[in-house]
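Please read the following briefing alongside the sequence and the model.

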Amino acid sequence: MIFYFTSTGNSLYAAKHFDEELYSIPQEMKKESRNYKAEKIGIVCPLFEFDLPSLVKDFILNSQFETDYFYIVMTYGMHHGGCAARNADFFDKAGRHVDYFNTVKMLDNALPVFDIEEQKKLDPEKKVDEHLAMIKADLEEKKHYIQPAAKEEIDFYEGYKANAIDYSASVNKPRYKVSDKCIGCGICTRVCPMGCISIAEGRPVYDYTRCFGCMSCIHACPQKAIGYAALKEKNPDARYRHPQIELAEIIRSNKQI
Ligand SMILES: Cc1cc2nc3c(=O)[nH]c(=O)nc-3n(C[C@H](O)[C@H](O)[C@H](O)COP(=O)(O)O)c2cc1C
């Protein structure tokens, strides 16, 4: 069993490589109780600010897993900041033994930090499919491995923390703005994993109390009408979905309403 979360398709693309049954975390979170039993159980999700997304942590903390082999694979864009090693405490407190924790570098979809068009040029050197094949082989032999935090990654993480983009400053405040290009199609409401968005008078209305900033609404908007309100984007005209993942798959994975 693999439980996955994806905002723009990278993690779903990765999860599909591991030949396991796939379950979407936003869909599983609708269930009142979550008890899972399988020989191997995995989590595949993006890295947000050098960490597991809050939705994924909630899922891990509030589900029961009965398995001989629990693994995590995170997709990230540029720096994982030693996420695997740094989360040892979280998993100890959650009472969840992790057998394998690895990361795979893919396109970085963080709009305030990167221009997606520039990111696309870096794709070939990331050798995504080769890395996924290596991880797949590890999982097949139930390898035990927790990715260590290299000094360079720790330094990067510490440096980021000192000058961090303050995403939390926009929690409960208008994080996004919607331009006149909006045609009220409602795709944003269907890709949001938290059901934060509704359409009123032909325009999206956000409930920011639950939004954790995954950017799926911004990237999926066919009109490029949604953008950051408080933060400046590197390229407001560049949006992303993994080229081998359909919009319908993101909707099926995330839709709440
Ligand atoms: C809010 C947010 C924060 C992110 N933080 C990081 C980060 O700290 N380091 C990094 O390398 N990539 C970061 N990224 C990039 C994603 O981890 C990366 O593009 C991931 O593969 C996206 O997967 P998905 O398409 O399955 O959502 C961030 C993306 C978002 C939206």
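Two strands pair if DSSP finds at least two bridges between them, and the elements named below are DSSP runs numbered from the N terminus, with helices (H or I) of at least four residues and strands (E) of at least two. In these terms, 6 strands form an open sheet with parallel pairing, in the order E2-E1-E4-E6-E7-E8. This is a predicted model, in which local features need pLDDT of at least 70 and side-chain atom pairs count only at pLDDT 80 or more, while totals for chains, interfaces and linings use all residues. Residues are numbered from 1 along each chain as its sequence is written.

**Sheet**
- Strand E2 (22-24) and strand E8 (145-146) stand at the edges, and each has a single partner strand, so one side of each is left without a neighbour in the sheet.
- Strand E7 (residues 100-105) pairs with E6 in the parallel sense over 6 bridges, and Val104 in E7 is the bridge partner of Thr75.

**Domains and their contact**
- The domain assignment, where bounds come from an automatic or database source, gives domain 1 (2-162) and domain 2 (167-254).
- The centres of domain 1 and domain 2, taken over C-alpha atoms, are separated by 22 Å.
- With contact meaning that C-beta atoms, placed from the backbone, lie within 7 Å, 23 residues from domain 1 and 25 residues from domain 2 take part.
- On the side of domain 1 that touches domain 2, the elements giving two or more residues are helix H1 (10-16), helix H3 (54-61) and helix H6 (116-126), and H1 supplies the largest share, 3 residues.

- Counting residues whose C-beta atom, placed from the backbone, lies within 6 Å of the ligand, 25 residues surround it, the closest being Thr6, Thr8, Asn10, Ser11 and Pro46.
- H1 and strand E6 (69-76) are the elements that give two or more residues to this shell, which draws at least three residues from each of the two domains.

**Nonpolar core**
- A nonpolar core is a set of buried Ala, Val, Leu, Ile, Met, Phe, Trp, Tyr and Cys residues joined through C-beta atoms within 7 Å, where buried means that 20 or more other C-beta atoms, placed from the backbone, lie within 10 Å of a residue's own.
- The largest such core has 59 residues, and those with the most contacts inside it are Tyr4, Cys188 and Cys217.
- Not counting residues up to four places away in sequence, Cys217 touches Cys188, Val191, Cys192, Ile197 and Ile226.

Methods:
Contact = placed C-beta atoms within 7 Å. Buried ≥ 20, exposed ≤ 12 C-beta atoms within 10 Å, placed from the backbone.
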